[in-house]
Amino acid sequence: MAAGGTTPGRPDGPPEPGALERLAALHGVATSYMPSEERTVRVPDATVVAVLAALGVDAASPKAVDAALTAREAAGRTAPLPATVVLWRGPAGLPDALAALVPGTAVTVRTEQGPVREWRARDDGADWAALPLGVHRLAVRPPAGPEGEAHLVVAPDRVRAPDGPRHGFLLQLYSLLSTRSWGMGDLGDLRELAGWAGRALGAGFVQVNPLHAAVPGNPTDPSPYRPSSRRFPDPVHLRIEDVPEYGYVARPADRARLAELGARAAALRADVLHRGALIDRDAVWDLKKQALEILADVPLGPGRRAAYCDFLAEQGSALEDHATWCALAELHGPDRTRWPGALADRDSADTARARTALRDRIDFHCRLAWLTDEQLAAAQREARDAGMTVGLVHDLAVGVHPGGADTWAQPHAFARGMSVGAPPDAFNARGQDWGLPPWRPDALAASGHAPYRSLLRGILRHGGALRIDHVMGLFRLWWVPEGHAPADGTYVYYDAQAMLAVLVLEAERAGAVVVGEDLGTVEPGVRDALAARGVLGTSVLWFERDWTGTGRPLPPGSWREGCVATATTHDLPSTAARLTGEHIALRHRLGLLTRPLEHERAEDAAEVTEWLTSLSGLGLLPEGAGGGGPDAEEAAVRAVHRFLLRTPARMVGVWLPDAVGDRRPQNLPGTWDQYPNWRLPVADPHGRPLTLEEVTASPRLHALLEVIREESGPGPGAGPGPLTAPPGARPA
């Protein structure tokens, strides 16, 4: 069907001109979008109708459109308040919805904390200023006219800014194996890395990939960005020997079994580190799960039992639902469309009976969530004890797997038959479908954004900062209806003020910094709106140019302050690969280039040369911009980080593989089985995997960190410096 045409199956003639557009606009559904300033693309009517249907709005015929439009417009005329009202602390004044209340209007606020406050609206707004932070319930009764209710979010003006040392590490946790981990990096390794980086290097933070619970499978999807649940971490990250009950296994047969499992884990680790094997998450989990079954039979001591009960009470039904899904998936497989009876329905009688029948397995999975929470807390505690002012930076994925625990437990919050993606752009002419069901903005609004609030609260429990992948999704997401091409999707808008207010509120409560991944195409005004609330952006060196002027590399003094400055990310080539052109060769081998190899190489070499010339001109590359070989490459990597530290960026992230010369990307977008995405250990320049112990002793890493020490200096915000002497500087 041509864009803009009528939808098939409309027997009662064409709709009223503009009616579908007006109805869509009232529900935040775009009927056109602008991929560039010069071009507007019309969204097919079929897409708009399908998206409205996912929002519970019937637009399948002109008559239905007119009825829905009439009802929505009437509701808008009679409602004195929107679904959510945001009240920012600070000098901004009252929002329009509150400023418009007629003097004398009776106001009742049922606060989140419990007390009810009542007053009559007046012009000075003093009563509003006295409200506590939180998400409250607001009711208004004007002297004349309809009454109204809304959720009232009272939030701080801004997220806290990071202080102390600016530099820290970015890594994918699974990729950093120690001589103690069971075939993949774990929370014990994270604790060790944080303690070492804080004490020996004076680092301020460690940012990790999403640690969300994965959908079990054979094989399990290794991507940390398509989880079963974002509300709970994955127990595959547990360090088995750090579980307190490990030391109290009494039966000789159980001790022997644990020793056997540990030996098999050591073999897995050796396969990855010494025999070229990929990280096998499923094999690791199989061993850990067997070990955890043994530890679950060890009685908890009185204090441990009390702590576990407190955790269960605090997490409530959300944890019970998650553990129930895990138990059902364990028994029937992860595809709930194949579950017997009505188990696919969280609220069915079949599910209620299963909760009783599977209570032991449900308790087992609740306990795994508790143990993982404890080890996350220990890692953050170690980071702070080591002098880190931020500590762990957790990563929040864009969405969840359509068949996972979150969509089973909260079906009302997700749009059925829809998937998040991206429209066509210069890098992907067909658009993208990420296979992640989006949240319904209407369901969020009706609940006071409760699913979003609980998600943030959970992930911020044990961290000093949160990175939000594709932070533009707080404003709008590209929805692709099932059966449609990604290019035939449309943008659906969210209540950005409410999303930001809840984010700032929960960050304030956790004492956390917030970082938004805002790379790529960003709607005008979004970066300004995020910056106004203290949300840091993400600036990658190779993308920072004077795009509106000369097109040359942006000098360090012109970078924005409110960002994490870095040389690369998990989705981009390592700095060494970019400097040597190896990322072009890799994409050529995999058939991913869309232009001739010579063209790609020449363009890439010109870009690298331009940057190296700029670095040399700034005096950041004492060795000069010419030459080649490993020494020149290392010098260029150090120069890149000198540059980053010359910017005013609030945080400077060192991609850990960059520090040891790893040339391989952790993820190569556009590939599935052609490349081992999310399964590679950190390695040296020759591809030899390195243990955590080898990484921390790497001369290349210490040479880079010496540059960071020199550039950071003792100035304001530099922090106390290393709490221990580096290797070679310690007294005998």
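A search of the whole structure finds 12 aromatic pairs. Rings of Phe, Tyr and Trp (its six-membered ring) count as a pair if their centres lie within 6.5 Å; planes under 30 degrees apart are stacked, over 60 edge-to-face, and the rest tilted. Two of the pairs are set out here.

| Aromatic pair | Centre to centre | Angle between planes | Class |
|---|---|---|---|
| Tyrosine 225 and tryptophan 678 | 5.6 Å | 45 degrees | tilted |
| Tyrosine 308 and tryptophan 370 | 5.0 Å | 35 degrees | tilted |

This is a predicted model: local features need pLDDT of at least 70, side-chain atom pairs count only at pLDDT 80 or more, and totals for chains, interfaces and linings use all residues. Residues are numbered from 1 along each chain as its sequence is written, and side-chain values use heavy atoms, with hydrogens and water left out.

**Ring pairs and charges**

Tyrosine 225 sits in the loop between β10 (212-213) and β11 (229-233), and tryptophan 678 in the loop between α21 (656-660) and α22 (692-696), so their pair ties together parts that are 453 residues apart in sequence. Helices (H or I, at least four residues) and strands (E, at least two) are DSSP runs, numbered from the N terminus. Both tyrosine 225 and tryptophan 678 are buried. Buried means under 20% relative accessible area, exposed over 50%, and partly exposed in between (1.4 Å probe, protein chains only).

Tyrosine 308 belongs to helix α9 (residues 302-332) and tryptophan 370 to helix α11 (residues 359-385), so this pair ties together parts that are 62 residues apart in sequence. Tyrosine 308 counts as buried because its relative accessibility is 0%. Tryptophan 370 counts as buried at 3% relative accessibility.

Arginine 367 lies over the face of tyrosine 308, at 5.7 Å from the ring centre. Arginine 230 lies over the face of tryptophan 439, at 4.9 Å from the ring centre. A charge sits over a ring if NZ of Lys or CZ of Arg is within 6 Å of the ring centre and within 35 degrees of the ring normal. Elsewhere, ring pairs link Trp542, Trp559, Trp611 and Phe643 into a cluster.

**Nonpolar cores**

A nonpolar core is a set of buried Ala, Val, Leu, Ile, Met, Phe, Trp, Tyr and Cys residues joined through side-chain atoms within 4.5 Å. The largest has 71 residues, of which Tyr452, Trp479 and Leu503 touch the most other members. Helix α15 (residues 496-510) gives the most to this core, with 10 residues. Not counting residues up to four places away in sequence, tyrosine 452 touches Trp439, Leu444, Leu474, Met499, Val502 and Leu503. Contact means heavy atoms within 4.5 Å. A second, separate core of 59 residues includes Val206, Leu554, Leu615 and Val652.

**Strand β4 and its partners**

Four of the five residues in strand β4 (residues 106-110) are buried. β4 pairs with strand β5 (residues 116-120) in the antiparallel sense, over five bridges. Two strands pair if DSSP finds at least two bridges between them. Threonine 108 stands opposite glutamate 118 in β5. β4 and β5 form a hairpin with five residues between them, and glycine 114 in the turn has a positive phi of about 125 degrees. β4 also pairs with strand β6 (residues 134-141), antiparallel over five bridges. Here arginine 110 has arginine 137 of β6 as its bridge partner.

**Confidence**

pLDDT is the predictor's confidence in each residue, from 0 to 100. The chain has a mean pLDDT of 92, and 94% of its residues reach 70 or more. Over residues 1-14, pLDDT stays under 50. Over residues 714-732, pLDDT also stays under 50. Where pLDDT is low, the predicted coordinates should not be read in detail.
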